[in-house]
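Work through these exercises with the structure open beside you. Try each task before reading its solution.

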Amino acid sequence: MIGMTGVMLAEAGAVVTNWAIAAAAIGCGLIIIGAGFGIGWIGSKAVDAIARQPEAEGRIFTTMLIAAALIEGVTFFALAICFLVLFWLRG
Amino acid sequence: MLSGQLYAAILAEFNPLEPVGPAPVYTFSVGSWQVIISNHMFMVSVAMLFLMIVIPIAVKSKSMIPRGIGNLVESVCMFLREEMARPLLRDQTDKYIGFIWSMFFFVLTLNLLGMVPSEKIIYLLTGKVNRFGGPATADIYITGAMAVVAFFMTHISGVRRQGLWHYLVNLAPKVPWWIMPMIYFLEVVTMFVRPFTLAIRLFANIIAGHILLAILIGLIMVFKSYFVAGISIFSIVALSLLELLVAFIQAYIFAFLSTLYISFAVSSEH
């Protein structure tokens with residue numbers, strides 16, 4: 001079941017060359033740079049906010065987790081596209 | 001008698017996608033169709049039975065001070081209701097809190113049951129090669145089904161609260177008339193993208209963790225040395241603890257976003 005996407009795309013004539021695998025790997029690196037910047041920014045702002053007002057730590061921590069999980073959702077969606085090329089596009 | 005190759009193939013494998021993908025447990029045919037029961041469906045049934053048995057037993061005590069596992073369940077439910085749902089849903093919390101509690105505990109149980117290496121335990125105990133347990137939320141169809149349930153819950157609750165015509169009219173905020181078609185189109189697209197992102201977020205987080213664990217275990221097969229096995233097992237322990245944290249966070253995020261979408265649908269503020 002996990003290879004159905006790959007089989008469908010392979011029957012449509014997709015060919016995975018070495019350049020495609022290299023591009024997918026470089027794409028993974030770029031995605032992680034973006035996610036690292038975003039979640040690091042959120043963490044830094046959350047720590048600043050807790051330092052300003054230590055009694056709001058619970059709400060700020062929860063909000064930080066929610067924002068980090070939303071960014072991770074988008075990251076994994078892009079990573080799934082990379083996985084598509086790396087793992088599943090085999091004939 | 002099992003050969004050495006097959007012995008290693010259950011505990012550690014070359015292909016990292018093998019332990020996380022679905023595998024057939026039981027196949028029966030209805031007419032001319034083959035109905036395959038996969039191990040992910042089996043884990044969903046195990047989670048359902050676990051929750052249906054454990055939670056009523058946990059909250060059954062009628063004393064004012066809860067003890068033991070009832071205390072755990074009750075404090076989690078109180079946190080979800082008071083800190084997460086009440087600021088969003090305000091006076092309609094009690095109508096939708098059953099759904100929110102069910103989603104949270106179901107996703108949490110599926111994630112945590114996926115961290116238990118049940119097929120390896122069964123293999124080490126009985127010596128039978130099997131694929132019984134697996135990370136059930138690592139299946140896009142299962143998380144997609146839960147996201148579809150959340151989708152229908154938001155829209156049906158919105159239609160029941162505001163009526164069909166008012167719900168469709170109030171989808172978009174009040175903007176000047178010349179920009180209204182584009183804003184309305186964007187809102188409709190957002191409505192359909194939301195369950196998609198709910199499913200993909202949960203699926204990708206869990207399956208990324210499991211693929212990483214499978215790759216690290218498979219490294220032992222590649223190098224075949226004790227030193228690499230030591231490093232690998234140490235990092236697998238650390239990563240499994242991180243995966244437990246991710247299981248809790250992803251269950252909370254799923255419940256929180258479902259609550260947020262329901263609050264958008266039933267709030268009469270636009």
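**Exercise 1. Chain A**

Read along the sequence, what pattern does chain A follow? Then describe its burial and contacts.

Solution. This is a predicted model, so every step reads a prediction.
- Step 1. Chain A runs α-α-α. The count is 3 helices and 0 strands.
- Step 2. Chain A has 91 residues, of which 8% count as buried.
- Step 3. Take the contacts in chain A between residues at least 6 apart in sequence: 82% of them join residues at least 24 apart.

**Exercise 2. Confidence**

Find where in chain B confidence is lowest and where it is highest.

Solution. 
- Step 1. Start with the average: chain B has a pLDDT of 85, and 94% of its residues score at least 70.
- Step 2. Go by element. Helix H1 (residues 4–11) of chain B has the lowest confidence, with a mean of 54. H4(B) has the highest, at 92.
- Step 3. Check the start of the chain. Over residues 1–7 of chain B, pLDDT stays under 50. The model has 2 contacts beyond four places in sequence for this stretch.
- Step 4. For the complex, the predictor gives an ipTM of 0.73 and a pTM of 0.85.

**Exercise 3. The nonpolar core**

Which residues have the most contacts inside the largest nonpolar core?

Solution. 
- Step 1. The core has 51 residues, and those with the most contacts inside it are Phe104(B), Val107(B), Leu110(B), Ala251(B), Phe254(B) and Ala255(B).
- Step 2. Helix H3 (57–88) of chain A supplies at least two residues of this core, as do H2, helix H3 (68–89), H4, H6, H8 and H9 of chain B each.
- Step 3. Follow Leu110(B). Leaving out residues up to four places away in sequence, Leu110(B) touches Met43(B), Val44(B), Ala47(B), Ala136(B) and Thr137(B).

**Exercise 4. The interface**

Which helix gives the most to the side of chain B that touches chain A?

Solution. 
- Step 1. Count the contacting residues: 13 of chain B meet 12 of chain A.
- Step 2. Helix H8 (180–223) and helix H9 (226–266) of chain B each supply at least two residues of that side of chain B.
- Step 3. H8(B) gives the most, with 6 residues.
- Step 4. Sort by class. The side of chain B that touches chain A has 8 nonpolar, 4 polar and 1 charged residues.

**Exercise 5. A loop residue**

Is Ala23(B) buried or partly exposed?

Solution. 
- Step 1. Locate Ala23(B): the loop between H1 and S1 of chain B.
- Step 2. Ala23(B) has 17 other C-beta atoms within 10 Å, and so is partly exposed. Buried would need 20 or more.
- Step 3. Ala23(B) touches Ser38(B), Asn39(B) and Arg131(B), not counting residues up to four places away in sequence.

Definitions and conventions:
Residues numbered from 1 in each chain as written. Chains lettered and ligands numbered in written order. Predicted model: local features only at pLDDT ≥ 70, side-chain atom pairs only at ≥ 80, totals over all residues. Contact = placed C-beta atoms within 7 Å. Helix = DSSP H or I, 4+ residues; strand = E, 2+ residues; numbered from the N terminus. Nonpolar A, V, L, I, M, F, W, Y, C, P; charged D, E, K, R; others polar. pLDDT = per-residue confidence, 0-100. Core = buried A, V, L, I, M, F, W, Y, C linked by C-beta atoms within 7 Å. Buried ≥ 20, exposed ≤ 12 C-beta atoms within 10 Å, placed from the backbone.
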